[in-house]
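Me: Hi! Could you walk me through this structure with a few questions and answers?

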Amino acid sequence: MEGGAYGAGKAGSDLDPVSFLKQPQTILRILSWVFSIVVFASIVNEGYINKDSDILHCVFNKNNNACNYGITIGIIAFFACILFLTLDFYFPQISSVKDRKHVVLGDLGFSGLWTFLWFVGFCFLENQWQLTSLKDLPLNQGADAARAAIAFSFFSILSWAGLTLKAWQRYLLGADSSLFSQDQLDTGHPPYSTGIENADTFQSPPFAENLDAVSSGYQMPPY
């Protein structure tokens, strides 16, 4: 069972919830989870308005694509944070280095992608908000929700960029430990003891010397 790879303790070590919650990666994950809730909840609750009709329009310049984009990436980020929080908590219990590598690479890829998508979302929502006419917002209906969605989309860029950085650092730790183990094998020094010392040492069987002495002292009787 291989432990200590990719920045985690040895497999099978005790789980400590307090230490887990104090880790920078856990804090960033929880912040990203909260930010995603604010974004999609703001749009769902107050992001649609109606004026002089029964049809609801998106508060962002009546562009439903803007609201749909914010809701979609927010909900996916919400569930992704729960999934990765669970994986982070049980990560030290994963004994296989390959499985740990797959988790880290998945975290790295998803975090990098969602950093980019939050950046796109922030630019998209901000642009559509600037194009929104105040005449389309009676009594500033939905204005606070729109500003909250834009602000927390920006905060999400920072939190997911931090998660991407932490995942990259954890991947480098795993790559270095794997390279170290491979170097030990290549140089003929395994990282563990084989338990066989002085394999070339050979002891003669008991009574071998006495048999040799008797054989050398024996003479054929004359005939």
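Reply: Happy to! A definition comes first: Ala, Val, Leu, Ile, Met, Phe, Trp, Tyr, Cys and Pro count as nonpolar, Asp, Glu, Lys and Arg as charged, and the others, Gly among them, as polar. Please keep in mind that this is a predicted model.

Me: How many nonpolar, polar and charged residues are in the lining of the largest cavity?

Reply: The residues that line the largest cavity include Ile49, Asn50, Lys51, His57 and Cys58. Ile and Cys count as nonpolar, Lys as charged. Sorted by class, the whole lining comes to four nonpolar, four polar and three charged residues.

Me: How much space lies in the largest cavity?

Reply: The count gives one cavity of 30 Å³ or more. The space in the largest cavity is about 60 Å³.

Me: Is Lys62 buried, partly exposed or exposed?

Reply: Lys62 sits in the loop between β2 and α3, and its phi is positive, near 55°. Buried means under 20% relative accessible area and exposed means over 50%. Lys62 has 46% relative accessibility, so Lys62 is partly exposed.

Me: And what is the relative accessible area of Asn61?

Reply: Asn61 is found in the loop between β2 (57–58) and α3 (64–90). Asn61 has a positive phi near 60°, although it is not a glycine. Asn61 counts as partly exposed, and its relative accessible area is 30%.

Me: How far does helix α2 reach from its first C-alpha to its last?

Reply: Helix α2 covers residues 24–46, which makes 23 residues. At 1.5 Å a residue, 33 Å is expected, and the span in the model is close to that: 33 Å.

Methods
Residues numbered from 1 in each chain as written. Predicted model: local features only at pLDDT ≥ 70, side-chain atom pairs only at ≥ 80, totals over all residues. Heavy atoms only, no water. Helix = DSSP H or I, 4+ residues; strand = E, 2+ residues; numbered from the N terminus. Expected span 1.5 Å × (residues − 1). 1 Å grid on protein atoms, 1.4 Å probe; cavity = no way out; pocket = protein on both sides within 12 Å on 5 of 7 lines; lining within 4 Å. Points joined across faces, edges and corners; volume = space filled by probe spheres on them. Buried < 20%, exposed > 50% of the residue type's maximum accessible area, 1.4 Å probe, protein only.
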